[in-house]
Amino acid sequence: MRGHEPRSSSSCAACKLLKRRCTPTCIFAPYFRSSDLITFAKVHKVFGASNVSKLLGEVPEEQRQETVNSLAYEAEVRLKDPVYGCIGAIASLQKKMLELQHDLAVARTRLLAHSGVTNQVSPLDDSPELAAFLDLVPYSDLMLLDGSTSLDAYLYDLGQPPFV
Amino acid sequence: MNPKRCAACKYLRRRCPKDCVFSPYFPPNDPQKFACVHRIYGAGNVSKMLQQLPDQTRAEAVESLCFEAKCRVDDPVYGCVGIIHLLKTQIQKTQNELAKTQAEIAVSQTKLSQTQNSDFM
């Protein structure tokens with residue numbers, strides 16, 4: 001038939017949700033399998049299908065799976081925390097990092113005292129790039145106000161590939 | 001056209017109504033802020049997200065969306081998730097360093113008490 005595109009044997013999750021024909025060149029098909037409609041639904045709700053399509057088109061093909069994984073993670077976190085999204089997780093991690101930096105500085109000072117050396121060493125001297133990261137987000141103060149924020153709520157998926 | 005249109009309505013080339021959901025958070029003097037958020041999320045999605053939030057939380061939501069959008073523009077593959085992964089890696093490294101230092105302190109304390117005991121004898 002004129003202009004007829006071959007019908008795909010099964011639509012990907014995106015085309016199922018968008019109720020359109022899934023073509024062999026569908027940009028979503030390799031990354032949003034029809035068995036997992038929920039992931040695409042979340043990504044579509046936060047970013048929109050056309051924006052996701054543009055984003056995928058802007059990255060090399062070999063990096064598209066990683067891109068989809070990170071978009072899915074961001075969408076999941078944003079839907080769970082509509083106000084702060086991933087920034088909440090970053091602020092919690094920054095707070096944890098500051099606490100560890102403090103503990104490490106105290107421990108190193110104690111160790112040096114045992115060794116008879118009195119100069120204090122800051123862990124930040126070892127990693128200036130980390131010091132820059134600790135100034136990344138101004139939301140750390142929010143987390144300091146409420147120490148009850150659980151890291152686990154934000155980090156449960158980071159144990160899964162490709163974030164390990 | 002109303003010269004006091006917010007950055008969103010200017011970008012979208014439309015009239016800025018008095019109850020515009022964007023105008024409190026996207027002032028006209030910062031067009032890049034809305035452009036970045038629109039590029040990643042789309043005006044419609046941002047509008048829906050803001051409308052589902054209480055008024056008092058919308059400013060924070062806009063700031064976090066702007067930050068995440070900027071991260072995604074800077075790193076199209078990982079966005080701000082790259083930062084989370086890096087922080088997690090650094091935390092693990094610092095925890096290991098702390099454990100190592102605490103172990104060294106314990107060894108040092110043990111040696112010191114052994115020395116003190118032998119001096120006492």
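Modeller: We will take the terms one at a time and set each value against its definition. This is a predicted model, where local features need pLDDT of at least 70, side-chain atom pairs count only at pLDDT 80 or more, and totals for chains, interfaces and linings use all residues. Residues are numbered from 1 along each chain as its sequence is written, chains are lettered from A and ligands numbered from 1 in the order in which they are written, and side-chain values use heavy atoms, with hydrogens and water left out.

Biologist: What makes Glu76(A) and Lys80(A) a salt bridge?

Modeller: A salt bridge is a side-chain nitrogen of Lys or Arg within 4 Å of a carboxyl oxygen of Asp or Glu. The closest N and O atoms of Glu76(A) and Lys80(A) are 3.4 Å apart, so the pair qualifies.

Biologist: How are Glu76(A) and Lys80(A) placed in helix H4 of chain A?

Modeller: Helices (H or I, at least four residues) and strands (E, at least two) are DSSP runs, numbered from the N terminus. Glu76(A) and Lys80(A) are four residues apart in H4 (residues 64-80), which means about one helical turn separates them.

Biologist: Why is Glu76(A) called buried?

Modeller: Buried means under 20% relative accessible area, exposed over 50%, and partly exposed in between (1.4 Å probe, protein chains only). Glu76(A) has 18%, so it is buried. Lys80(A), at 53%, counts as exposed.

Biologist: What about Glu63(B) and Lys33(B): which elements hold them?

Modeller: Their closest N and O atoms are 2.9 Å apart, and they form a salt bridge. Glu63(B) lies in helix H4 (residues 55-74) of chain B and Lys33(B) in helix H2 (residues 31-40) of chain B, so the pair ties together parts 30 residues apart in sequence. Glu63(B) is partly exposed at 37%, while Lys33(B) is buried at 17%.

Biologist: What makes Asp74(B) exposed?

Modeller: Asp74(B) has 53% relative accessibility, so it passes the cut-off for exposed. Its salt-bridge partner is Lys70(B), with the closest N and O atoms 2.9 Å apart. Lys70(B) is partly exposed, at 48%.

Biologist: Which residues do salt bridges with shared partners join into one network?

Modeller: Lys42(A), Glu76(A) and Lys80(A).

Biologist: And how many salt bridges does the structure hold over all chains?

Modeller: There are 10.
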